[in-house]
Amino acid sequence: MQVRAQASEETGQRILATAQQLFGELLYDQVSLQAVADRAGVTVQTVLRRFTSKEQLFAAVTQWTSQQIRLARDQAPVGEVTGAVRNLIDTYERWGDHVLHRLTQEQRTPAIREVTEAGRRYHQAWVEHVFGPLLADGPAPERHQQLAQLVAVTDLYVWKVLRRDLRRSREETERAIRDLVHRITGTGGGQPRSC
């Protein structure tokens, strides 16, 4: 009985990992349950027994991916720019291309739009939690503006521009984003550096 339960769990994990790969490689509309089943080495009926539908399979993949990203991001030190930016870049290096692939589809697939909107809300809350203690207790509009700037400069698209479009190294990308955060928060000198 225990062996059967373990085999069932491994099958479920294999299906989930396979679906995560396919949803990361193809457009949502191009992923079929048959393709997931074939690549996972199971039948479509096995996939349906575990996840009931493509939508439920996508939801399970999304939940698992979001948990992995948030577990990593939640390790960022609060109020410490260097460690927080390093944590952020670590996460983008691991998951950035996957999330960018989802973002390209958010306008055409409501299920993906829900996921990306939740990701944006999480990022905003993360920025306020991690960098908020560095902001002066000034007027609310000024603090609100600083938080908006921090959300923008730590956004995935800034990483994409630096790493993918401009082909900067991981270290150069981390330094550029760290310098921008220092400038906004008024910490660390903020002298301009080329990246």
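How do the axes of helix α4 and α5 cross, and within what distance do they come? Good morning, colleagues. I shall take that question as the starting point for this predicted model.

The axis of helix α4, residues 54-73, comes within 9 Å of the axis of α5, and the two cross at roughly 160°. Because angles over 145 degrees count as roughly antiparallel, α4 is roughly antiparallel to α5. The crossing in which α4 passes α5 is left-handed.

Let me turn to the residues involved. On the α4 side, the contact includes Phe58, Trp64, Ile69, Ala72 and Arg73. On the α5 side, the residues they meet include Asn87, Leu88, Tyr92, Trp95 and Arg102. Sorted by class, the contact of α4 with α5 has nine nonpolar, six polar and two charged residues.

Asn87 lies in helix α5, which spans residues 81-103. Its relative accessible area is 10%, and therefore Asn87 is buried. Leaving aside residues up to four places away in sequence, Asn87 touches Ala72, Arg73, Gln75, Ala76 and Trp126.

Trp126 brings us to the largest nonpolar core, which has 26 residues. Trp126 is among those with the most contacts inside this core, as are Val85, Val127, Phe131, Leu150 and Val181. Helices α5, α6, α7, α8 and α9 each supply at least two residues of the core, and α5 gives the most, with eight. Phe131 touches, among others, Val81, Ala84, Val85 and Trp126, not counting residues up to four places away in sequence. Apart from this core lies another, of 20 residues, including Phe23, Tyr28, Ala40 and Phe51.

Notes: Residues numbered from 1 in each chain as written. Predicted model: local features only at pLDDT ≥ 70, side-chain atom pairs only at ≥ 80, totals over all residues. Heavy atoms only, no water. Helix = DSSP H or I, 4+ residues; strand = E, 2+ residues; numbered from the N terminus. Buried < 20%, exposed > 50% of the residue type's maximum accessible area, 1.4 Å probe, protein only. Contact = heavy atoms within 4.5 Å. Axes fitted to C-alpha atoms, helices over the stretch in contact; angles between N-to-C directions. Parallel < 35°, antiparallel > 145°, perpendicular 65-115°, else oblique. Left-handed = near helix turned anticlockwise from the far one by under 90°. Nonpolar A, V, L, I, M, F, W, Y, C, P; charged D, E, K, R; others polar. Core = buried A, V, L, I, M, F, W, Y, C linked by side-chain atoms within 4.5 Å.
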